[in-house]
Amino acid sequence: MVQQAKLTENADSQGRIWHENNVLVIGAGGHSKVVCSTLRLLGWNIIGALDDHPQGQTSLPILGRLCEIDEYWNVRKFIGIGCNRLRAQIDCDTLVFVPGIVHPASTVDLSASVSEGAVVMAGAVIQADSVVGRHTIVNTHATIEHDCTVGDYCHIAPAACLTGNVSIGQGTLIGAGATITPGVSVGRWAVVGAGATVINNIADGQVVVGTPARPIRQTDTIRPKR
C-alpha cells in the first residue's frame, strides 16, 4: 500500500539534513499540475519545480533547469512530465524518488503493486495481482484488471482499459479510451491510439490505431539515456 508522507527530517552519515516530506517536482506543465494535486492530498510538501521551458502553467516556484537536479540531493523527486521518453531519460540510480502515489479517489487492490515514481490518478482502478512499473502514469479513470503487468515509463491514458492478464512493455502509451483484450501482450515503446481495440499482440515499437487495431508505422524502441 502507498502511505502518506511522514513529516520528519533525518540526517545522513555526514550529518547533512534530509527533508523526508519535501519533494521537488520535475516538470511544470499540465501533467505536473495534476501530479502536484495528488502529492498535496497525500501530505507531501512541494518546494518547487525544475523545468527547461516553463510556460506559466503552474503556480510553483521554478527553481532552475533540469541540469540542476543533482543540487537538490536532500529532497525526494517526482517526475511530473507526461512524455514517457523524458521520464525514462531523467530516471537514474543516483536520484531518490517519491514512492508510487495513489490518489485517494482511486481504487488499488491490496495485492496490486505500484512502483517508485508511478502515479495513479483519481478514479483509476487497479485490480488483484497487477503490477505497475516505475514512473508509469495510470491516468484518470483508467482500468487495469487482474493479473496485468505494466512496465516502467508507461502511460495508461484516461479511460483506457487493460482487461485481465495483459502485458504492457516498457515505455508504451495506451491512448485514451483504448481497450486491450484479455491475454494480449503489447511490446516496448509501442503506441496504441485513442479508442483503439487491441485483440492481437503488438510488437515492440509498433504504432496501432482502429478497431480492431492495425499497425500504421514503427517507432524507436531504445530507451533514451540521461
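Biologist: What is the mean pLDDT of the protein chain, and how many of its residues reach 70 or more?

Modeller: This is a predicted model, so pLDDT, the predictor's confidence on a scale from 0 to 100, is the place to start. The mean for the protein chain is 90, and 91% of the residues reach 70 or more.

Biologist: Which residues stay under 50?

Modeller: Residues 1–9 do, and the model has 22 contacts for them beyond four places in sequence. Residues 11–17 are also below 50, with nine contacts beyond near neighbours in sequence. Where pLDDT is low, the predicted coordinates should not be read in detail.

Biologist: Okay, what makes this a chain with domains, and where do they run?

Modeller: The bounds come from an automatic or database domain assignment. Domain 1 covers 9–90 and domain 2 covers 101–215. Their C-alpha centres lie 25 Å apart.

Biologist: How do you know that the domains are in contact, and how many residues are involved?

Modeller: Contact means heavy atoms within 4.5 Å. By that rule, 16 residues of domain 1 are in contact with 18 residues of domain 2. Between them the two domains bury about 1300 Å², 70% of it on carbon and sulfur atoms.

Biologist: Which elements of domain 1 supply at least two residues each to the side that touches domain 2?

Modeller: Helix H1 (30–41), strand S6 (76–79) and helix H2 (84–90) do. H1 gives the most, with six residues.

Biologist: What makes a residue on that side count as nonpolar, polar or charged, and how do they divide?

Modeller: Asp, Glu, Lys and Arg count as charged, and Gly goes with the polar ones. The residues on the side of domain 1 that touches domain 2 divide into ten nonpolar, four polar and two charged.

Biologist: What about His-135, is its phi positive or negative?

Modeller: Positive, about 55 degrees, although His-135 is not a glycine. His-135 is in the loop between strand S12 (131–132) and strand S13 (137–138).

Technical notes: Residues numbered from 1 in each chain as written. Predicted model: local features only at pLDDT ≥ 70, side-chain atom pairs only at ≥ 80, totals over all residues. Heavy atoms only, no water. Buried area = accessible area lost by both parts, 1.4 Å probe. Helix = DSSP H or I, 4+ residues; strand = E, 2+ residues; numbered from the N terminus.
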